[in-house]
Amino acid sequence: MKKSKFSLLLILTLVFSLFLTACSGGKDNTEGEKPADKDDATGEEVANVPQELRMLDSSEIPTMDTVLAEGSTSFTYINNVGEGLYRLDQDHKPVPALADGAPEISDDQKVYTFKLKDSKWSNGEPVTAHDFVFAWRRAIDPATASPYGPYMMGGKIKGAAEITEAGAAKKDYNLEDLGVKALDDKTLEVTLEKPVVYWEDLFAFPTFYPQNEKFVTEKGDAFASNAENLLYNGPFKMEKWEGTDATEWVLVKNPEYHSADDVTLEKITVNVVKDSNSAVNAFEAGETDMTGLLSSDIVPSYEGDDRMLRWNDPVVFWIKMNQKNEALANVNIRKAIAMGFNKEDLANSILNNGSVAANYFVPKDFVTGPNGEDFREKHGDLIVFNAEEAKKHWEQGLKELGVDKLEIRYLGGDTEAAKKTDAYIKNQLETNLPGLTVKLESVPFAVRLERDNAMDYDLQFAGWGPDYGNALSFTDLWITDGGSNRMGYSNKKYDELIKAAQGELATDPEKNWEAQQEAERIMLEEDAGLAPVYQRANNILLNPAVKGLAIYNYGPDYSFQWVKITEAE
Amino acid sequence: MAKYLLKRVLYMFLTLFIIASLTFFLMKIIPGTPFASANKLGPAQMEIMKAKYGLDQPVPVQYAIYIGNLLKGDLGISFQFNNTPVTDLMFKRLGPSMQLGAQAMLLGTIVGILLGIFAALRQNTWVDYSSTFVAVLGKSIPNFVFAGLLQYFVGVKLGWFPVLFWRGFEYTILPTIALSMLPIAIAARFMRTEMIEVLSSDYITLAKAKGASFFEIAFKHALRNALIPLVTVLGPLAISLMTGSLVIEKIFAIPGLGEQFVKSITVNDYPVIMGTTILFAALFVVIILVVDILYGIIDPRIRLSGGNK
Amino acid sequence: MADFEPKISKDRFRPAEIDASKSEEINKPSLTFWQDAWMRVRKNKGALFSLIVMGIVVILALVGPLISGKEFDKQNVSHNNLPPKIQGLEHISWLPFDGVKVNKAGKEIDMYEVKKVDEYYWFGTDALGRDLFTRVWKGTQISLYIALLAATIDMIIGVAYGSISGYFGGRLDNVMQRITEILVGIPTMIVVILMILVLDPGIISITIALTITGWVGMARVVRAQTLKLKEQEFVLASKTLGNSDGKIISKHLLPNLAGVIIINTMFTIPNAVFFEAFLSFIGLGLQEPYASLGTLIDEGFKVLRLHPHEMIIPAVVISIIMITFNMLADGLRDALDPKMRD
């Protein structure tokens with residue numbers, strides 16, 4: 001009884017405050033009238049509504065410098081105020097942006113020649129091929145010490161890895177060795193180390209955006225330190241951003257953008273709210289149209305509410321099993337652990353936020369193959385919960401090791417629901433695998449990363465999200481001594497398949513696809529090299545009047561380019 | 001007195017130097033990586049990143065550089081916020097934290113003292129018990145629960161005050177109330193005890209007999225007596241409130257120092273940790289000195305400068 | 001006063017017999033310090049009531065986990081997040097023990113029927129379907145231990161440090177105060193994170209972490225109060241009479257410090273209880289499946305709107321402990337105060 005009255009009150013408050021803000025927005029923004037008239041042509045539903053989005057983000061922007069950016073918050077705003085050769089469209093497909101149509105590609109698929117569109121920086125200067133060369137060299141330059149530059153370029157852009165090696169060894173290096181050249185102001189030639197299947201994604205990634213050399217050098221250390229010390233060439237520009245520690249910033253439409261006519265939204269106001277509960281309170285009080293990601297504890301109370309937006313994020317959480325550990329080097333022990341806990345219950349009853357149990361490590365709803373099928377169509381579930389099977393493997397494994405009990409350390413995860421998840425998995429494993437003692441070690445994120453790096457763990461709860469739209473973003477993790485393997489998994493067959501997918505099969509989408517699917521099957525079904533747990537679902541609260549928000553799986557989180565504010569229902 | 005002050009100021013710098021040095025070396029053995037993308041960096045890139053922040057040097061060299069810069073007032077640049085000087089980060093965030101802390105201290109001390117006085121005057125009655133109840137609840141219910149409830153019921157449900165953000169005085173009301181629970185509890189409890197003690201002492205009987213008003217007894221005699229423990233506890237508390245509260249700042253989305261400091265510890269942002277520690281310690285030793293001097297003013301019998309011979 | 005009373009006969013006015021042997025006699029019954037204190041605590045109804053309630057809580061903490069018939073770490077996911085339901089109380093509609101939850105639309109749902117549960121969970125269950133009654137009392141055991149530990153550390157280290165520093169003053173005071181400044185100056189969180197390196201999580205780590213940092217506040221308050229007291233006449237008198245410093249501190253200063261010591265303990269205890277919750281969070285305190293009142297409140301707060309019982313019950317328990325402790329302490333303080341003896 002109380003609650004129903006209460007929710008009525010909430011709705012009233014929400015409607016009332018929307019009404020209020022609508023009024024005040026119209027009053028103090030006289031300019032708001034003009035675009036509204038103009039938008040009559042594009043869609044009548046946006047007729048008299050101020051095109052302003054008020055949203056919350058859960059962290060500050062650590063940097064707006066495209067070459068130094070390493071997190072999705074940075075990528076999101078860089079993507080909305082900047083542009084590269086390609087850009088992700090509304091349907092999440094990379095499409096030519098600054099590139100004037102598709103590039104000319106050499107026969108060996110290593111040299112790409114791009115023609116550039118006419119476009120301008122916000123200071124009026126044209127965007128040229130030299131801007132790309134400058135930015136890319138800056139990104140790989142050891143003096144810049146960018147985290148993502150070498151990560152995205154190494155092994156892909158010609159010469160990148162060598163520059164990093166030389167820099168680390170404090171030897172001389174020549175930035176001109178990087179495979180990027182300006183043939184003239186409007187022509188850019190990129191040379192790859194080897195063919196890359198997902199090259200369009202690569203060139204859409206913020207690390208590969210251009211930078212105006214004159215502006216960057218002139219500003220020196222002050223470059224990208226606030227809204228005034230930045231140049232923009234994207235659909236929006238920053239009107240207010242006082243620096244990396246600012247908790248409020250404003251984006252406005254960029255009239256100089258080459259497709260400015262397609263951008264309806266006039267203004268985006270962002271505030272940082274780090275507490276998920278507070279964000280929900282702000283939303284309920286009508287202070288904002290959009291929250292950051294909701295913590296899983298809040299989600300059940302909005303189940304079925306049309307203000308909650310949910311999507312499957314291609315982020316998979318799994319238990320890494322350190323195969324340098326004697327017991328975990330045994331395939332039966334690994335199988336027992338990977339099959340020994342009920343993931344369905346975990347996802348449905350404990351997380352209860354739309355996350356799904358994962359019996360795979362390449363997520364679903366992530367990539368579509370040449371045949372138009374999702375990656376998961378062929379081998380859906382590769383390793384499922386089965387207490388009996390798990391017990392059989394466990395006993396077999398113990399016999400092979402010649403012991404009757406085991407103590408295994410478990411390095412705790414860093415998700416919001418980590419404590420519950422860890423306690424649940426510990427209990428499940430100990431119940432289903434007699435003789436097993438799981439020793440929980442929950443540590444802060446920074447410590448977990450370091451111990452991952454040093455491989456100082458037995459089991460580790462961790463997650464991974466992709467950086468480009470290809471299954472390789474996941475499958476290349478587990479090649480022997482791969483940079484992010486860090487659990488000692490090694491299988492010759494696996495290595496061969498993935499090396500082929502990265503190399504000679506790069507030009508053969510179908511075989512490439514199959515090779516990766518087979519590799520995943522080997523890794524999980526045969527070797528149980530990893531114990532997948534769940535694939536995350538994301539939930540936000542969004543004012544239903546906001547339409548056309550593009551949500552991305554990798555790189556930036558959202559694009560506001562196509563957002564329209566319609567009349568509140 | 002002047003000599004004593006000079007000596008204390010010298011000690012202050014020594015103390016700060018020891019704190020700065022100890023924190024520096026603790027930083028060196030603290031586990032965890034300062035790089036957010038550490039799971040993606042190759043060994044070569046890791047080397048380059050370390051070199052950028054001077055982490056590739058031997059520890060004594062790093063220490064010498066650090067102390068040298070410190071003397072120049074340079075606290076380095078933050079790791080998590082790219083290329084932003086630590087001093088900028090700190091002083092921008094200090095303003096809101098200071099204001100909030102000061103308001104909460106003011107409100108808390110006044111309310112607390114009044115609560116304590118009433119409790120003492122009506123000792124062992126329902127007034128006393130409910131004052132104790134309020135004070136104890138203020139301390140035993142964690143801050144985040146109280147702040148969360150306040151935000152939800154007073155902000156969202158009743159709509160009396162803004163729910164969150166930091167845009168003007170009305171936005172400070174809810175966080176101030178939430179933060180003042182601790183000073184209220186402390187002031188009320190100390191005040192009650194001292195008041196009861198004073199009320200039973202001979203000079204109050206005399207003052208009463210001479211016809212001193214209730215007001216005079218409470219504020220002239222009892223308050224003065226309660227001041228010694230109050231300034232001892234509230235002095236340092238003021239500093240810790242004014243340098244920011246993680247919980248309150250997070251819940252009410254206030255751009256303050258507390259949230260930034262705790263985050264810098266969890267992500268191993270060494271320069272920010274060091275800078276904030278030194279700032280906090282400096283404020284703290286200053287307030288301790290002030291409190292020590294206040295003792296002599298409150299109670300002229302207290303002499304700190306001399307020994308007990 | 002001015003009234004003259006003529007009815008008193010003159011023979012009632014006699015010179016007192018001066019008996020040298022009786023001048024030393026004590027008229028009141030001979031009571032030890034503690035007997036006297038106890039007598040006065042008994043007269044204070046609030047304190048007596050608190051004592052009884054506290055006794056009940058302590059007994060429940062000890063026997064609670066045994067009488068529930070359930071284990072504190074037994075998970076049953078299909079029974080998770082059940083509201084409280086108690087036999088006998090379930091039909092009293094205004095009590096929240098009927099196993100009914102109000103959903104978002106305002107409809108009352110009997111969760112026990114929905115989930116087809118026949119058992120009674122007196123305090124409900126948590127997200128993993130563990131019995132909260134057992135967990136709350138198990139947690140109370142741990143939190144009481146922490147409270148006791150924190151109070152002891154305060155009493156021993158804090159009081160001794162503060163009174164010595166204040167009483168002797170001068171250079172010793174100076175050195176001792178600079179040491180506490182350094183201890184406070186270094187962020188506790190860093191010290192604690194460092195301890196992850198050397199210690200295994202658990203009760204011992206909590207004890208050590210508390211010992212390092214927990215007593216500084218007490219030391220400062222005690223020192224301040226000592227500074228004030230040591231200049232007073234009775235200390236001077238005692239000194240003139242040739243009493244040793246140790247005796248002056250323990251016999252004359254400490255009883256006068258009882259007030260501030262007790263108040264300060266009241267602040268130390270909840271600090272310690274939530275400090276423990278923080279330690280568990282960063283991996284140094286108790287690890288799952290163990291819980292304390294602090295961690296239960298932390299966890300429960302996240303789901304407060306959905307499953308209010310998961311936070312309210314532990315919060316009520318800790319509040320009861322703290323309030324009764326304070327009322328009792330107030331009574332005890334009044335009883336111990338040397339100035340208030342009659």
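A residue is buried here if 20 or more other C-beta atoms lie within 10 Å of its own, with C-beta atoms placed from the backbone. The structure described below is a predicted model.

**Helix α4 of chain A**

Helix α4 of chain A covers residues 129-140. Its 12 residues span 17 Å from the first C-alpha to the last, close to the 16 Å expected at 1.5 Å a residue. Because 11 of the 12 residues of α4(A) are buried, this helix is largely enclosed by the rest of the structure. Among the buried residues of α4(A) are F132(A), F134(A) and W136(A), and charged side chains such as D131(A), R137(A) and R138(A) also belong to this set. The elements of chain A against which the buried residues of α4(A) pack are listed below.

| Element of chain A packed against α4(A) | Residues |
|---|---|
| α5 | 148-153 |
| α6 | 160-168 |
| β6 | 180-184 |
| β7 | 187-191 |
| α8 | 213-219 |

**A four-stranded sheet in chain A**

Chain A also holds an open sheet of 4 strands, in the order β1-β10-β9-β8 and with mixed pairing. Strands β1 (52-57) and β8 (236-240) of chain A form the edges, each pairing on one side only. On average, neighbouring strands of this sheet are turned by 25° against each other, direction ignored. Strand β8(A) runs antiparallel to β9 (residues 248-253) of chain A, and 4 bridges join the two. Within this pair, K237(A) has V252(A) of β9(A) as its bridge partner. Helix α3 of chain A, residues 72-81, packs on the sheet and touches β1, β8 and β9 of chain A. The direction of α3 makes about 110° with that of β8(A).

**Domains of chain B**

In chain B, the domain assignment gives domain 1 (1-43 + 256-309) and domain 2 (94-254). The C-alpha centres of these two domains of chain B lie 26 Å apart. Contacts between them involve 16 residues of domain 1 of chain B and 20 residues of domain 2 of chain B. On the side of domain 1 that touches domain 2, α11 (257-266) and α12 (270-298) of chain B each supply at least two residues. The largest share of that side, 9 residues, comes from α12(B). By class, this side of domain 1 of chain B has 12 nonpolar, 2 polar and 2 charged residues.

**Composition of chain C**

Chain C contains 12 helices and 2 strands. From the N terminus, its elements follow the order α-α-β-β-α-α-α-α-α-α-α-α-α-α. Chain C has 342 residues, of which 47% count as buried. Among contacts in chain C between residues at least 6 apart in sequence, 72% join residues at least 24 apart.

How values were computed:
Residues are numbered from 1 along each chain as its sequence is written. Chains are lettered from A and ligands numbered from 1 in the order in which they are written. This is a predicted model: local features need pLDDT of at least 70, side-chain atom pairs count only at pLDDT 80 or more; totals for chains, interfaces and linings use all residues. Domain bounds come from an automatic or database domain assignment. Two residues are in contact if their C-beta atoms, placed from the backbone, lie within 7 Å. The expected span of a helix is 1.5 Å times one less than its number of residues. Two strands pair if DSSP finds at least two bridges between them. Axes are lines fitted to C-alpha atoms, for helices over the stretch in contact, and angles run from 0 to 180 degrees between N-to-C directions.
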